[in-house]
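Dear colleague,

Please find the structure below, together with the notes I made while going through it. I would be glad if you could read them with the model open beside you.

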Amino acid sequence: MTPFELLKVVHVSSAVLSIGGFALRGYWMLRGNELLQRRMAKTLPHIVDTLLLGSAIAMLFIWQTSPFSLDWLTAKVLALLLYIGLGMVALRFGKARVVRITAWLLALAVAAYIVSVALSKSALGFFA
Ligand code: HEM
């Protein structure tokens, strides 16, 4: 296995954990489950997301390119910022329940778009 392939395995695994974990925390938020307040539920996402982004940066380093060199990479970066912002509204800053739920659903839709961009290597993703 080449270093790039290894990084890609780390990247894809942490992407699955990141989105799966976010979906689960949103479900806990909906149900008022206190597992959401556990230390683990707060720290683990940071570790997973650091691996996700770190592996992306390392792959771009191997490619000797920037995140803005290709349309689909730029789209991923911008969509990632949106995903993070919506996630913060859903799990932290949203006051009204309807706002939290809407932000959670939109964040999941953005995550699906990011995966579709990753698989198609096109900024249009599932809109193509
Ligand atoms: C939530 C955020 C992200 C998710 C869910 C995600 C998901 C994925 C997935 C599923 C793949 C594998 C695609 C394949 O089978 O070829 C992939 C590959 C890749 N991603 Fe991400 N990614 C995310 C963020 C990023 C970011 C921010 C960057 C950098 C700007 C990035 C750069 C890459 C690169 C360079 C590859 C390798 C492409 C290749 O092998 O040709 N990803 N990503």
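**Helix packing and the ligand shell**

The axes of helix α1 (residues 3–31) and helix α3 (residues 71–93) come within 10 Å of each other and cross at roughly 30°, which makes α1 roughly parallel to α3. Axes here are lines fitted to C-alpha atoms, for helices over the stretch in contact, with angles running from 0 to 180 degrees between N-to-C directions; angles under 35 degrees count as roughly parallel, over 145 as roughly antiparallel, 65 to 115 as roughly perpendicular and the rest as oblique. Helices are DSSP runs (H or I, at least four residues), numbered from the N terminus.

This is a predicted model, in which local features need pLDDT of at least 70 and side-chain atom pairs count only at pLDDT 80 or more, while totals for chains, interfaces and linings use all residues. Residues are numbered from 1 along each chain as its sequence is written.

On the α1 side, F22, R25, G26 and M29 meet G87, A90 and L91 of α3, where contact requires C-beta atoms, placed from the backbone, to lie within 7 Å. By class, this contact has four nonpolar, two polar and one charged residues; Ala, Val, Leu, Ile, Met, Phe, Trp, Tyr, Cys and Pro count as nonpolar, Asp, Glu, Lys and Arg as charged, and the others, Gly among them, as polar.

L91, which is found in helix α3, counts as buried because it has 21 C-beta neighbours inside 10 Å (20 or more others are needed for buried, 12 or fewer make a residue exposed, and partly exposed lies in between). Leaving aside neighbours within four places in sequence, L91 is in contact with R25 and M29.

The axes of α1 and α2 come within 8 Å and cross at roughly 150°, and the two helices are therefore roughly antiparallel to each other. Residues of α1 in this contact include F4, L7, H11, A15 and R25, and those of α2 include L44, V48, L52, A56 and M59. By class, the contact of α1 with α2 has 16 nonpolar, five polar and three charged residues.

Finally, 20 residues surround the ligand, the closest being A15, A56, M59, P67 and A118; a residue is near the ligand if its C-beta atom, placed from the backbone, lies within 6 Å of it. Each of α1, α2 (39–63), α3 and α4 (97–120) supplies at least two residues of this shell, which divides into 16 nonpolar, two polar and two charged residues.

Terms used:
Contact = placed C-beta atoms within 7 Å.
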